[in-house]
There are 2 protein chains.
Amino acid sequence: MDTLAGLKRTHSCAILAKNDADREVTICGWVARRRDHGGLIFIDLRDRSGMVQVVFSPDYNTEAFTKAETVRNEYVLAVRGKVKLRSADTVNPQMITGEIEVLGEELRILNQAKTPPFYIQDEVDVDEPLRLKYRYLDLRRPEMQRNLMLRHRVTKAMRDFFDGRGFVEVETPMLTKSSPEGARDYLVPSRVNPGKFFALPQSPQLFKQILMVAGMEKYFQIVRCFRDEDLRADRQPEFTQLDIEMSFIDREDILAMMEDMIAYLFKQACGVDIPRPLMRLTYDEAMARYGSDKPDLRFGMELIDISPAVKNSGFKVFDTVLEQGGQVKAINVQGYAGIPRRELDGLTDYVATYGAKGLAWMCYTPEGIKSQITKFFSEETIQKVTQATQAKEGDLLLILAGQPAGVANALGQLRLEMGRRLDLIDPEKLSFLWVIDFPMFEYDAEEKRWVAMHHPFTSPRDEDIEFLGFDPGRIKAKAYDMVLNGTEIGGGSLRIYQRELQEKVFKAIGLTRDEAYEKFGYLLEAFEYGTPPHGGIAFGLDRLVMLMAKRASIRDVIAFPKTQSATDMMVQAPSEVSLRQLKELHVKSEVIAKK
Amino acid sequence: MDTLAGLKRTHSCAILAKNDADREVTICGWVARRRDHGGLIFIDLRDRSGMVQVVFSPDYNTEAFTKAETVRNEYVLAVRGKVKLRSADTVNPQMITGEIEVLGEELRILNQAKTPPFYIQDEVDVDEPLRLKYRYLDLRRPEMQRNLMLRHRVTKAMRDFFDGRGFVEVETPMLTKSSPEGARDYLVPSRVNPGKFFALPQSPQLFKQILMVAGMEKYFQIVRCFRDEDLRADRQPEFTQLDIEMSFIDREDILAMMEDMIAYLFKQACGVDIPRPLMRLTYDEAMARYGSDKPDLRFGMELIDISPAVKNSGFKVFDTVLEQGGQVKAINVQGYAGIPRRELDGLTDYVATYGAKGLAWMCYTPEGIKSQITKFFSEETIQKVTQATQAKEGDLLLILAGQPAGVANALGQLRLEMGRRLDLIDPEKLSFLWVIDFPMFEYDAEEKRWVAMHHPFTSPRDEDIEFLGFDPGRIKAKAYDMVLNGTEIGGGSLRIYQRELQEKVFKAIGLTRDEAYEKFGYLLEAFEYGTPPHGGIAFGLDRLVMLMAKRASIRDVIAFPKTQSATDMMVQAPSEVSLRQLKELHVKSEVIAKK
């Protein structure tokens with residue numbers, strides 16, 4: 001094998017262009033393709049910048065040509081040669097460097113390569129486990145390189161933005177304290193302190209609040225966080241968040257600053273202008289109109305409450321629901337009255353997966369309304385429904401009845417599903433909004449207690465504090481989420497900064513005073529030494545970059561992601577460890593012990 | 001307590017100056033000091049920027065004055081008022097804002113504070129455990145705020161530098177695979193994969209090499225790393241490193257780029273110019289002349305080999321040592337011939353802690369040479385020693401004899417100690433150098449095997465590869481360390497990038513083929529799919545910032561450090577966890593089980 005010794009790379013492949021004609025260059029990269037044609041050897045050489053064609057001719061340099069004959073795909077080469085304009089008939093308009101080629105004078109084979117298990121090309125359909133095992137080959141694909149470079153540009157822009165506004169990036173510990181509230185902690189046994197464990201942080205929430213107590217005033221950090229959750233959907237055991245906290249501010253200061261930040265990112269990294277201020281919806285409004293606290297506003301089809309229209313309609317199902325404090329709500333799927341009966345049955349199954357017991361429909365066909373429920377309705381009821389939903393000929397109403405939370409969820413999902421089926425969602429559109437005024441608590445039926453909807457450090461609205469202790473469900477929090485295209489990309493709040501109020505909130509979620517001090521004593525104590533009013537927000541970096549890259553999975557914007565079973569396919573982690581290691585850590589594996 | 005509602009902070013405290021006179025401002029911060037004088041109340045209000053004096057007068061605003069009477073140290077205030085020039089006799093030249101004061105019109109007490117356990121001032125002598133427990137108060141001290149802001153500026157400058165040169169910051173996993181080689185791993189039990197464990201990374205070494213295989217070409221990352229070592233000296237279980245890797249380069253490319261980077265950092269963050277190129281010493285030369293592979297070049301006092309001078313001197317101790325392949329080396333402590341006998345005895349004890357069995361000395365006093373050994377020497381031997389060491393009247397020679405490694409270590413330490421005692425080390429000086437041509441392996445007498453001096457992924461020099469397998473001690477590596485003022489701040493190497501050579505090196509350090517593939521199989525496999533020649537380096541961020549901040553401990557540049565017993569005094573981590581948590585992770589604590 002050759003070395004680079006005495007040769008210095010002068011150019012990246014894809015920056016060579018017409019005006020480099022006759023220039024002597026040295027380029028390095030991987031063989032993307034080799035063709036032999038007309039006694040010449042053509043090699044597409046690929047580096048991070050892209051590709052350029054290199055030609056070897058026996059007439060021009062025999063030694064280089066002979067070596068080139070041994071070259072295979074993914075070999076690593078260094079080529080010294082002259083840039084030449086291609087003749088008009090050989091110009092390749094598909095290639096950025098298609099107007100030129102490099103005539104090879106010297107060829108060094110820096111490394112060989114076996115045949116890769118899949119093609120190093122975009123749009124190649126490869127099983128994800130294979131991609132993850134050979135991640136180093138998968139990451140050679142231009143698209144994956146673009147994703148990682150986009151991620152870099154985004155974090156760089158974030159840091160430029162915050163640095164320019166007086167924020168200080170402070171690193172918070174990874175080995176910290178377990179305080180399971182929410183997700184499970186990853187634990188790390190301590191060798192020096194037998195029987196004790198560190199936890200990896202689910203977020204630096206308390207450290208950033210402590211930094212506010214410490215007078216840092218404006219903090220940010222791009223930081224790794226950990227949640228040992230079941231990896232349904234598109235989650236990773238470790239993920240990265242942009243974490244922000246500010247003192248002496250109110251909600252408007254934070255929201256405005258974050259809108260500026262997001263606009264800056266999209267401008268810098270994607271060249272897109274984001275109009276501001278962003279739209280806002282209260283939580284109640286978002287749930288009522290879209291059945292979601294992270295509504296996708298790229299299309300309409302809002303949820304319409306037809307409870308008044310069908311009140312006392314005589315249709316027993318609806319009447320019963322309404323008597324029990326429930327709702328009847330509809331979406332108007334415009335122009336879809338011709339929906340096949342089989343699809344309607346499928347939709348009934350679909351909403352059933354979200355807990356809905358049935359789906360009513362009304363098709364406004366040219367021959368009149370077809371429906372399984374209008375036979376129970378008076379003409380007046382039908383008119384009221386039509387009026388409420390503004391349904392016209394050709395439209396389809398899909399109707400759910402039940403308790404508000406259940407209807408919102410199932411009908412919200414149905415709305416999204418119909419949006420996808422009818423292709424109403426413009427993938428190029430960016431629909432941002434703030435959702436504000438979240439409930440402070442939600443009732444956990446399983447644990448039979450109130451839990452904090454955001455987290456227990458969120459401040460309740462001043463005017464709602466009086467309900468603490470006897471009507472927690474009524475309390476709204478000073479919390480806010482930023483939503484993009486139906487995905488929550490950031491969430492935050494103004495925080496509690498007084499010990500008494502914090503203790504009351506801990507009590508409301510069922511923590512005894514002892515438990516509260518055991519877990520969060522240092523925070524409660526810190527609050528007594530001069531804590532400024534403060535608040536913040538955190539953005540999920542993986543998800544944000546995924547949306548910017550227009551990818552469907554966060555695994556495509558993470559260099560070395562884990563699978564749904566939380567394993568790293570390439571390095572084979574987690575793995576077994578030696579008994580000696582465990583002994584030093586004062587732990588036993590129940591599994592290894594059994595062996 | 002008051003809120004900020006309706007009031008907006010307009011200025012930071014310390015940016016107010018003469019030209020703000022008569023401006024109405026709103027400032028926020030902490031009470032650093034309150035004095036009552038002449039019927040007025042003076043408050044030094046402190047925020048992140050610094051301090052400004054606020055005055056409350058009963059004549060100007062009675063309500064604000066009355067409130068100000070209740071204010072104590074570290075209360076959090078918002079003050080609206082007018083900037084006034086101070087009269088000439090009340091100007092405070094000690095204060096940046098000493099020419100002005102703010103006349104308080106409205107005072108809001110945003111939070112109260114108990115009396116802090118120590119003063120929030122620089123240069124206050126407080127026990128470190130107390131500082132760490134109340135870290136939020138310790139971090140309020142201006143010096144600690146400066147340290148954290150310096151750290152921020154340094155990392156920002158690093159990112160600007162690398163971004164500007166086409167490097168991509170890529171995040172590598174924190175939950176990865178255990179491959180204990182070097183320090184102990186921190187382990188993380190897996191819930192989803194019973195009996196298996198993740199390890200926290202000691203460095204992203206293999207991931208960054210994999211990124212080179214993946215064609216990223218220029219990678220960097222500022223990344224948390226973990227080593228479960230005994231925390232002697234100034235180490236932390238988690239630390240941060242600047243991690244760099246490049247493809248298609250040789251050593252000179254990396255060294256030059258890193259010199260530019262370091263110069264950029266010192267210019268940006270400290271305003272200091274670093275002359276380049278940096279000096280270089282080979283490992284052998286550094287050991288010979290300074291007895292250290294990280295020599296402090298801020299002063300001379302080099303180690304002098306006087307073996308030739310004392311050969312066959314008739315002094316039995318030296319003769320025996322030299323016959324056994326040892327050395328006799330001296331340092332010339334100029335002008336210190338008058339050293340008290342008691343101090344000489346103390347130095348003998350000092351070198352004993354580094355394994356030296358005795359210390360010889362020669363004091364060149366006006367009355368002639370005083371020494372415990374010259375009585376064994378001929379006049380000629382004494383002359384040769386004097387010549388070799390260039391000792392003159394007033395000088396002190398300190399002499400050690402023994403095997404080369406032992407002499408180097410003990411005499412190198414003695415040199416540093418004498419440099420400190422004689423105050424030869426200019427704290428303002430910055431002495432950088434590269435140490436190059438390290439040995440590839442060193443013999444571990446305890447484990448009775450060769451180990452890699454840097455790490456086993458370091459490339460041996462091409463001309464030394466032939467010695468692999470039969471004379472590993474002779475092989476030099478393509479490794480380099482950057483040293484600043486006697487501290488290694490960065491270390492790296494060109495890497496092995498061919499499977500065969502990597503396998504040979506694994507074999508040389510005693511790994512069987514099976515063990516090598518079990519631990520590093522993915523790397524060996526990756527090498528076969530087109531791996532470019534590559535190399536890199538890593539810098540210890542904590543240590544670098546510590547040196548830039550001229551602090552003696554890395555704990556002063558880490559927001560939330562751990563103690564020497566690896567505990568977080570503030571949050572009380574590590575801590576006990578519930579049996580339910582452990583059960584879910586399929587592990588048992590031997591300690592908790594015993595209870």
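Guide: Let's begin with a term we'll need: a residue counts as exposed when its relative accessible area is over 50%, and as buried when that area is under 20%. Keep in mind, too, that this is a predicted model.

Visitor: Then is Gln390(A) buried or exposed?
Guide: Gln390(A) sits in the loop between helix H11 (379-389) and strand S16 (396-402) of chain A. Its phi is near 50 degrees, a positive value in a residue other than glycine. Its relative accessibility is 65%, and the cut-off is over 50%, so Gln390(A) counts as exposed.

Visitor: And Met301(B), buried or exposed?
Guide: Met301(B) also has a positive phi without being a glycine, near 55 degrees. Look for it in the loop between helix H7 (283-290) and strand S12 (304-305) of chain B. With 13% relative accessibility against a limit of under 20%, Met301(B) counts as buried.

Visitor: Which residue does the side chain of Asp89(B) join in a polar contact of 2.6 Å?
Guide: Start in the loop between strand S4 (76-85) and strand S5 (100-111) of chain B, where Asp89(B) has its place. Asp89(B) counts as exposed because its relative accessibility is 68%. The side chain at the other end of that 2.6 Å polar contact belongs to Ser87(B).

Visitor: Let's step back. What percentage of the residues in chain A are buried?
Guide: Chain A holds 17 helices and 23 strands, and its C-alpha trace spans about 95 × 75 × 55 Å along the principal axes. Among its contacts with a separation of 6 or more, 68% link residues 24 or more positions apart. Of the 595 residues in chain A, the buried part is 58%.

Visitor: How much area do chain A and chain B bury between them?
Guide: The meeting of the two chains involves 127 residues of chain A, in contact with 126 residues of chain B. The size of an interface is often given as the accessible area lost when the parts come together. Here 59% of that area is on carbon and sulfur atoms, and the total is about 11200 Å².

Visitor: Which helix gives the largest share of the side of chain A that touches chain B?
Guide: The two chains have 74 residue pairs in polar contact between them. On the side of chain A that touches chain B, the largest share is nine residues, and they come from helix H4 (residues 142-164) of chain A.

Visitor: How many of the residues on that side of chain A are nonpolar?
Guide: The side of chain A that touches chain B can be split by residue type. It has 37 charged and 26 polar residues, and the nonpolar ones number 64.

Visitor: Which residue meets Arg159(A) in a salt bridge?
Guide: Between chain A and chain B the count is 20 salt bridges. In the one with Arg159(A), the N to O distance is 3.8 Å, inside the limit of within 4 Å. The partner side chain is that of Glu169(B).

Visitor: What is the bridge partner of Val587(A) in S23(B)?
Guide: Strand S23 (residues 587-589) of chain A pairs with strand S23 (residues 587-589) of chain B. The pairing is antiparallel and runs over three bridges. In S23(B), the partner of Val587(A) is Ser589(B).

Terms used: Residues numbered from 1 in each chain as written. Chains lettered and ligands numbered in written order. Predicted model: local features only at pLDDT ≥ 70, side-chain atom pairs only at ≥ 80, totals over all residues. Heavy atoms only, no water. Contact = heavy atoms within 4.5 Å. Buried area = accessible area lost by both parts, 1.4 Å probe. Polar contact = N/O pair within 3.5 Å; in protein donor to acceptor, adjacent residues only side chain to side chain. Helix = DSSP H or I, 4+ residues; strand = E, 2+ residues; numbered from the N terminus. Nonpolar A, V, L, I, M, F, W, Y, C, P; charged D, E, K, R; others polar. Pairing = 2+ DSSP bridges. Buried < 20%, exposed > 50% of the residue type's maximum accessible area, 1.4 Å probe, protein only.
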